Amino acid sequence: CGIIRPLARRILATADSDLGTTGQPKVMAKALFSVAAFGVAASLAQDIDEISNGLTTENDVNDVKLLSRDVCEIKIALTDPDRFVSNLPDYASATEVFVNGMTLDDANLQELAETDLTAEDLPSWSLFSDYYGSDAFIDDFVRPPLCQGLADEGYCAGQTDGSLEPASRNEYVLKTMQNWIPLTMSIADMERAISSLEDGNEDEARMSWDRAYAFYVGADPLTEDCSPYTTTFKRESNFDIRDGHNQDTIMEAFVDGASAIESGNVDELKEAYRLILGMHMVTYAQATTRYASFLDVLAEAQAPAFDQRAEGEIFYNLIAPYVRLVDPEGDEVVRAVYDDPNIAPEEGQGYYCQVETVMRCFVRSLSEYGVTEEDYGLFENAFEECDVSCSDNQMPIEF
């Protein structure tokens, strides 16, 4: 169960719906979920996947890992035709799982989506809340597509209008659940671990570091596509990064970070954090570029791009604030490409090269994060060579 064989990696790399037809709860900033959740988590822990080269957590963080099973359930509700209601994805059931949870009694994804960590002064959180102009930026984004057309009450009160196609709604919802929520929480916990170690509290630092790892891998990373872990595998494969190099780098950095905490070495912990964060930026830069290439293909076919534009946008959301730090004009370029999924792509726009240029330059700015351009690779279906010219701007290690 702890080893991904080549066939499994190929399955993870291709099991996607890209061209289909269609932190912490507010009341508990430090302790992730209530004690009630731990008993349930313990009873479910026996079948949680263990990754052979991953981090052996020191703390019980199964409650965090098990949230990925709620993501899986939401994915089934939105993609399994047997669950459809009036030939549409079962958004009501997906919303129920999101708001109330399914796997654990006292933990749910919606609490994480609207968590406000402003008081903790975490660098990435502050950067994102400033960029999006909200302290609940994830919930603000996902609530309208999730609630469109549902009963105007409870969580969805005042959020039921909208004109998104099901394909766009699905991508906005699913990629938020699988990527934006857990990755945001993982980064916040890594930054919290650094702060705790700087204060000399190794136990708190290790708890936060273990949670960061749990948010990233989820409960079933070797068998289900419901956590950021599998997104890394799929995107690096799309860019001809073979043998799981980027994923292995992330796993090794999590292990190195735990060793740094054990030895009380803040500088080494920061180095592990920067490497993990840099690799995350690479993954979502790859994803942002990939979906732009589909727009050129669909434009030539005079076809809509409901899911491709939505998927490109949601993946870009995970790195946009970092991109704007080094390339504000590039940020505007990518935003314009993914502006509205209801607008069909136009021929001759060169969407792929527009986005590829910004993303490749962005990756080149990450040298202080241990990232090289080779980690980004080259998109496997690139049908043109882009003239890429970059500034010398570098991503600051403090922001």
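I began at the end of helix 5, where Gly101 follows with a positive phi near 80 degrees. I took helices as DSSP runs (H or I, at least four residues), numbered from the N terminus. The model is predicted: local features need pLDDT of at least 70, side-chain atom pairs count only at pLDDT 80 or more, and totals for chains, interfaces and linings use all residues. Residue numbers start from 1 along each chain as its sequence is written, and side-chain values use heavy atoms, without hydrogens and water.

Next I looked at helix 5 (residues 91–100) itself. Its buried residues are Tyr91, Ala94, Thr95, Val97, Phe98 and Val99; buried means under 20% relative accessible area (1.4 Å probe, protein chains only). I find them packed against helix 4 (67–79), helix 6 (109–113), helix 8 (137–147) and helix 9 (166–198), with contact meaning heavy atoms within 4.5 Å.

Of its 119 residues, Phe98, Trp209 and Phe254 touch the most other members. Helix 13 (residues 266–300) gives the most to this core, 17 residues.

For the chain, I noted 18 helices and zero strands. Of its 399 residues, 57% are buried.

Last, I looked up Asp225, in the loop between helix 10 (202–217) and helix 11 (228–238). Asp225 is buried, at a relative accessible area of 16%. I put Asp225 and Arg69 at 10.0 Å, C-alpha to C-alpha, though they are 156 residues apart in sequence.

Technical notes: Core = buried A, V, L, I, M, F, W, Y, C linked by side-chain atoms within 4.5 Å. Buried < 20%, exposed > 50% of the residue type's maximum accessible area, 1.4 Å probe, protein only. Helix = DSSP H or I, 4+ residues; strand = E, 2+ residues; numbered from the N terminus.
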